[in-house]
Amino acid sequence: MTVGANGREAPAAGVRYEQIAEDIRSEIRSGKRVVGDLLESEAVLAGSFGVSPGTVREALRLLVAEGTLSSRRGARKSVLRVPRAATAQEEFRSFAQWAMAHGRQPGGRVVEQRWEIAGEETGRAIMVDPRSRVLRVLRVRSLDGERVMVERTSYPERLGVLVETMPPDLESVTRELTDVHGIVFAGADHVFSAAVCGQQDAALLGVARGRPLLRHRRVSRSATGEPLEVSEDRYLANTLSVAVSDRRAVNAIGWLSPEESGWL
């Protein structure tokens, strides 16, 4: 165990914003915070934990998503319920890491990559100035030689300059960034929905237009909660399924209405 800037013990490994979320849960379980209590502002909490307001914001979002805190727009968060004890979580794995762990052979081919201005949506997702540069990469991914997914990923400039020089047929960019550059992908936020195969995806995957796809949007993060990439992956239906354990003690899944599509 290590001791954080606020004097409390924290796990030596793991995503920082998840550690902060668990600290707040512990305070609620112990009675230090009770149902109905208002939390301090993000700025005050950031000073207490010795992190940036953005890291605190991610921790609060976790607590809102699981129903521990309120989420009224423009209002300070308040305690809604006492959370149950945490359980162990499986390690973060990218598509390629998952495939290799299951004895499958992942593949990838860069179709296009270019530098663009981030824009409001991408800038918000990866917490960069919307006027800054991002590297946008379009890849076709495969399993055992069969095309299964189209991947559209945007990297902030500090990662983009590294990804730009990587071989176009690299199996795993995530593993390369970790093994060669020491950039660890420690966690991610995910949103899954259904989509219909458009003209470009149909051509890249070698299928007819209109075929159903599984749409997977994610923001991958470092151990401190810093966004490392934002991506939209579109899988052919009947290729992969999404499995989530959802119990009273752990509610890892949340539902979004169409107007909340910008949650990431």
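**View 1. Strands β3 and β4 pair in the antiparallel sense.** In this predicted model, 11 bridges connect strand β3, residues 106-117, with β4. Strand β4 itself spans residues 133-143 and is mostly covered, with 10 of its 11 residues buried.

**View 2. Strand β4 also runs antiparallel to strand β5.** The two strands are joined by 10 bridges, and β5 comprises residues 146-156. Two of the bridge partners in β5 can be named here: M149 is the partner of R141, and E151 is the partner of R139. The hairpin of β4 and β5 has two residues between the strands. Within this hairpin, D144 adopts a positive phi near 50°.

**View 3. Six strands form an open sheet with antiparallel pairing.** The strand order is β3-β4-β5-β8-β7-β6. Strands β3 and β6 stand at the edges; each has a single partner strand, so one side of each lacks a neighbour in the sheet. From one strand to the next, the twist averages 15°.

**View 4. One aromatic pair is found in a search of the whole structure.** It is formed by F95 and Y235, whose ring centres lie 6.0 Å apart; the planes meet at 55°, so the pair is classed as tilted. The pair links distant parts of the chain, since F95 belongs to helix α4 (residues 95-101) and Y235 to strand β8 (residues 227-236), with 140 residues separating them. F95 is buried, at a relative accessible area of 11%. Y235 is likewise buried, and its relative accessible area is 7%.

**View 5. Arginine residues lie over the faces of aromatic rings at W115 and Y17.** R133 is placed over the face of W115, at 3.9 Å from the ring centre. R221 is placed over the face of Y17, and the distance to the ring centre is 5.7 Å.

**View 6. Helix α3 spans residues 53-65.** The helix has 13 residues, and the distance from its first C-alpha to its last is 18 Å, close to the 18 Å expected at 1.5 Å a residue. The buried residues of α3 are G54, T55, V56, E58, A59, L60 and L63. An α-helix has 3.6 residues a turn, so residues three or four places apart point the same way. The elements against which the buried residues of α3 pack are the helices α1 (16-30) and α2 (42-49) and the strands β6 (187-196) and β7 (212-221). After α3 comes G67, which has a positive phi near 90°.

**View 7. Residue T55 is shown in its setting within helix α3.** T55 has a relative accessibility of 9% and therefore counts as buried, the cut-off being under 20% relative accessible area. When residues up to four places away in sequence are not counted, T55 touches R16, Y17, I20 and T224.

Methods:
Residues numbered from 1 in each chain as written. Predicted model: local features only at pLDDT ≥ 70, side-chain atom pairs only at ≥ 80, totals over all residues. Heavy atoms only, no water. Buried < 20%, exposed > 50% of the residue type's maximum accessible area, 1.4 Å probe, protein only. Helix = DSSP H or I, 4+ residues; strand = E, 2+ residues; numbered from the N terminus. Pairing = 2+ DSSP bridges. Expected span 1.5 Å × (residues − 1). Contact = heavy atoms within 4.5 Å. Phe/Tyr/Trp six-rings, centres within 6.5 Å; stacked < 30°, edge-to-face > 60°. Lys NZ or Arg CZ within 6 Å of the ring centre and 35° of its normal. Axes fitted to C-alpha atoms, helices over the stretch in contact; angles between N-to-C directions.
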